[in-house]
Amino acid sequence: MCRSIKQLRNAEIPATEEEIRAAALQFVRKVSGYRKPSKVNEAAFERAVDEIADVTQKLLSGLGMGQKTLN
């Protein structure tokens, strides 16, 4: 589905916060069909990106990859 999202799990070089957020943004863009949402949809779009980035961080941490926690 989202072929442009790069694999973030790497034992030697943990994903950065920026890489995790970029992957979340790509996912939300693909699912929503919006490259940039309208003002009406902007809050929901950004909330989804934040939540997916957070869940991704938790996943990577749970896999034992030594990820830093997002703020």
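Here is a quick tour of how the two helices in this chain sit against each other.

Keep in mind that this is a predicted model. The chain has 71 residues, and 24% of them are buried. Its secondary structure comes to two helices and zero strands. The accessible surface is about 5300 Å², with carbon and sulfur atoms supplying 54% of that. If you look at contacts with a separation of 6 or more, 54% of them link residues 24 or more positions apart.

**The helix pair**

Two packed helices are described by the angle between their axes and the distance between the axes. Here are those values for this pair:

| Item | Value |
|---|---|
| Helix α1 | residues 17-32 |
| Helix α2 | residues 39-62 |
| Angle between α1 and α2 | about 130° |
| Distance between the axes of α1 and α2 | 8 Å |

That angle makes α1 oblique to α2, and the crossing is right-handed. The residues of this contact split into 11 nonpolar, three polar and four charged. On the α1 side you'll find Ile20, Leu25 and Ser32 among them, and the α2 side includes Phe45, Asp50, Gln57 and Leu60.

**A look at Ile52**

Ile52 sits in helix α2 and is one of the residues there that meet α1. Setting aside neighbours within four places in sequence, Ile52 is in contact with Ala24, Phe27 and Val28, which are among the α1 residues in the helix contact. Ala23 is 29 residues away from Ile52 along the chain, yet their C-alpha atoms are separated by 8.9 Å.

Technical notes
Residues are numbered from 1 along each chain as its sequence is written. This is a predicted model: local features need pLDDT of at least 70, side-chain atom pairs count only at pLDDT 80 or more; totals for chains, interfaces and linings use all residues. Side-chain values use heavy atoms; hydrogens and water are left out. Axes are lines fitted to C-alpha atoms, for helices over the stretch in contact, and angles run from 0 to 180 degrees between N-to-C directions. Helices (H or I, at least four residues) and strands (E, at least two) are DSSP runs, numbered from the N terminus. Angles under 35 degrees count as roughly parallel, over 145 as roughly antiparallel, 65 to 115 as roughly perpendicular and the rest as oblique. A crossing is left-handed if the near helix is turned anticlockwise from the far one by less than a right angle, and right-handed if clockwise. Contact means heavy atoms within 4.5 Å. Ala, Val, Leu, Ile, Met, Phe, Trp, Tyr, Cys and Pro count as nonpolar, Asp, Glu, Lys and Arg as charged, and the others, Gly among them, as polar. Buried means under 20% relative accessible area, exposed over 50%, partly exposed in between (1.4 Å probe, protein chains only). Accessible areas come from the Shrake-Rupley method with a 1.4 Å probe; for residues, only the protein chains shown count as cover.
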